[in-house]
There are 2 protein chains.
Amino acid sequence: VILTVTLNVALDITYHLERVDWGHVNRVARHGTRAGGKGINVARVVTTLGHTATIAGFAGGATGEAIREEVSRSGIAHHLVAIAGESRRTVAVVEGGRTTLFNELGPEVSPDEWAEFRETYSKLLRDCGVVVLSGSLPPGLPADAYAVLVRGAREAGALTLVDTEGAALEHALAAHPDVVKPNVHEIQALSGRECAEANDVAAAARWLRDAGARGAVITRGADGMVASNDEGTWLGLPPERLTGNETGAGDAVAAALAMGLEDGRPWPGPVADAIAAGAAALMSPVAGDVDLKAYRRFRHLVRLQEV
Amino acid sequence: VILTVTLNVALDITYHLERVDWGHVNRVARHGTRAGGKGINVARVVTTLGHTATIAGFAGGATGEAIREEVSRSGIAHHLVAIAGESRRTVAVVEGGRTTLFNELGPEVSPDEWAEFRETYSKLLRDCGVVVLSGSLPPGLPADAYAVLVRGAREAGALTLVDTEGAALEHALAAHPDVVKPNVHEIQALSGRECAEANDVAAAARWLRDAGARGAVITRGADGMVASNDEGTWLGLPPERLTGNETGAGDAVAAALAMGLEDGRPWPGPVADAIAAGAAALMSPVAGDVDLKAYRRFRHLVRLQEV
C-alpha cells in the first residue's frame, strides 16, 4: 500500500466558461468539485494504475466535510485528522485554454492536531511500504514536518518520496528521503542554480543527492525530466511534445515513481513509467486523472538517455 | 416578524486580492464566506435596522450544510428545507475597485421538495406579517412560484414584497403583490420600455401597477429611485452621489420597504428610509451589511419630490 500524505488538503472547485467577463457577473453553467491537494491526486493516479493507496491529511469545518464526502466517493481509504480550522478551497477558472487559479491559504494546524496526525501516521505505516509526502505545509506546522515524517517512515521500514519546495524541501533533504521530485522552477529557486540546459538540471539533481536525497527527479514540463540516483543519471523525454495541466502531471510522475519504489524496481524503468504517466496526465484537464490507454502506449515510446 | 424567502440560497465566497494574475496562480491571503442570496441579505439588514426576520429557503449537500452553519452563527431564525441537490456557491473576486462574480446555477428542486417548502411557508406565515420574496428561481420550480407564494401570504393576512426579474416577476405581478422592487435594467428588459429619464421610470412604475402590483419601486443606482402607489409617485435622490456594491444596496432597499409595510406607515416615509438604507449599504463591500450610523444620518438628508 502506498500512503499519500497531504497536509494541506483542499476542496478544488473548477469553473468552465467560454469567456470570462471580468468586472461583471458570470453565470457558471458547468463546474466540478473534487477533493484536492497534491497527495490526493497522487492517490488517484496510483489507484488508476493498479496499485493500492491510502490517503492521510487534515480536514476541518464544512469544507473539510465536503472533502471527506468526495474522497469517500472515490473509494480510496482515507484518514483525515479533524482540525478546528476550516479546510481551504481552490477555485480554478478555466476559459478556453487559459486557467486562473485562486488558492486560499490553509488553516492553522495546532501542535495537538499535529501530534494526533503523527500518531495516525505511525499506525498507517504498519501497512504501508511507501510514503509520498506532497505539497506545501499548512500554517502552524514546523518547517521540518516532512523531515519528521521521513524519519518516522524509515524507522517503520517504509520508503519515502517527497514532492515539495522551499524550506519544507530543504529540511526534508536532511532526513535522507529515498526520492525527491521538485520541478525545475522549484529547484532553481532553492539551489540558486541556473537550470536552463539539461546538463544544468543533471548537476542540480546531483546537488540534491549531495544535500541528502538518495534519488532525485527534476521535472521540466514539456522538456521531460532528469533522474539521478546511485545507479546513474538519465535524461528522459516524453514521446511527443505535449502541453496541459502541469500540476496533475507532476502528481502522476510522483505516483509512478512511488509504484516503482513499492515494486523494488531499479531505475531507469520507473523513470520511464513516470514520464509516460506525466504525459498521460497532461492530456487530462483534471489533476489526478490519467488516460490509462495513453499511459500504456507512452510507456514504450519514452526516450531515455544516460548522461 | 418579516419572513424573507430565498429559493436560490448560496454560499457567497469573496476573495480579496490587490491584483489578479490572470492565467496564473493567485494566493488568496484574505477571504470571506457568508450565506447569501438576496433574501438572506434582506434578513440581515432587517435585523441590523431593529426589526425581527426569519429566513426560509432550500439547502442541500455539503454546501447547504455550510450555509446552515453560517446562518446559525448570524443568530437569525431560519427554516431551510433539505433538498437532494447541492446548494450553489458564488465566488466574488475583488481586486481594487473591480469585482468579478462567478455564480453557479442553483440545484434542481423536485416537486416534493417544493411541496415541503410550501408547507413550511404556511406554518411560518402564522407568525409573519410581511413576506419578502427575493431573487431568481432555482431550476425545477414553476415559473409562477412567486405568484403561488404571494397568494398564500394574502390568504394568511400577510403583505408581500417581490424583488425578482424576468418571467418570475411577470408571473408574480398577476398575483397582486403589495410592492415590487426591480431595478431599472430589470424593468427595461421586462417592459421593453426605455428608462433613461426619471419620467420614463415613473411611467414604468405605473406600468408595473397596471400589471398588478399595488406599489412599485424602481431603483436607479446612483440616480436614486422612483416609487409609485395609490397615494402618489415620487422621485427620490440619495443624499450624496455614491458608488459601490449594488446587490447589497437593492437588498437594503427591500428591507426598509418591508419594515414600512410591517409598521403600516404610508409612503413616502418608507421610501425615504429605503433610499437611506440603500445608500448606507452601498458604502459596505459586503451584501447584507449597512452602516447604521450612515443610515440614521442619511434618513434626514434624502431628497424626495412628488412627480
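**Exercises on ring pairs, helix packing and backbone geometry**

Phe102(A) and Trp22(B) are both buried, where buried means under 20% relative accessible area, exposed means over 50% and partly exposed lies in between (1.4 Å probe, protein chains only). The model is a predicted one, in which local features need pLDDT of at least 70 and side-chain atom pairs count only at pLDDT 80 or more, while totals for chains, interfaces and linings use all residues. Residues are numbered from 1 along each chain as its sequence is written, chains are lettered from A and ligands numbered from 1 in the order in which they are written, and side-chain values use heavy atoms, with hydrogens and water left out.

**Exercise 1. State the confidence of the prediction for chain A and for the complex.**

Solution. Begin with pLDDT, the predictor's confidence in each residue, from 0 to 100: chain A averages 94, and 99% of the residues score at least 70. For the complex, the predictor gives an ipTM of 0.80 and a pTM of 0.83.

**Exercise 2. Classify the ring pair of Phe102(A) and Trp22(B), and locate both residues.**

Solution. Start from the criterion: rings of Phe, Tyr and Trp (its six-membered ring) pair if their centres lie within 6.5 Å, and planes under 30 degrees apart count as stacked, over 60 as edge-to-face and the rest as tilted. Over all chains, the structure holds eleven aromatic pairs. In the pair in question, the ring centres of Phe102(A) and Trp22(B) are 6.1 Å apart and the planes stand at 80°, so the pair is edge-to-face. Next, place the residues, using helices (H or I, at least four residues) and strands (E, at least two) that are DSSP runs numbered from the N terminus. Phe102(A) lies in strand β8 (residues 98-104) of chain A, and Trp22(B) lies in the loop between β2 (10-17) and β3 (25-28) of chain B, so the pair joins two chains. Finally, ring pairs link Phe102(A) and Trp22(B) with Tyr15(A), Trp22(A), Tyr15(B) and Phe102(B) into a cluster.

**Exercise 3. Describe how α1(B) packs on α8(B).**

Solution. Two packed helices are described by the angle between their axes and the distance between the axes. Axes are lines fitted to C-alpha atoms, for helices over the stretch in contact, and angles run from 0 to 180 degrees between N-to-C directions. The axes of α1 (residues 38-48) and α8 (residues 246-263) of chain B come within 8 Å and cross at roughly 55°. That makes α1(B) oblique to α8(B), since angles under 35 degrees count as roughly parallel, over 145 as roughly antiparallel, 65 to 115 as roughly perpendicular and the rest as oblique. With contact meaning heavy atoms within 4.5 Å, the residues involved include Val42(B) and Val45(B) of α1(B) and Ala255(B) and Met259(B) of α8(B).

**Exercise 4. Find the backbone features at Pro268 and His176 in chains A and B.**

Solution. Most residues other than glycine have a negative phi, and most peptide bonds are trans. The bond from Trp267(A) to Pro268(A) is cis, with omega near 15°, and a cis peptide bond also joins Trp267(B) and Pro268(B), with omega about 10°. Pro268(A) is found in the loop between α8 (246-263) and α9 (269-282) of chain A. Turning to phi, the value for His176(A) is near 60°, positive in a residue other than glycine, and phi of His176(B) is likewise near 60°. His176(A) lies in the loop between α5 (166-173) and β11 (179-180) of chain A. At 37% relative accessibility His176(A) counts as partly exposed, as does His176(B) at 38%.
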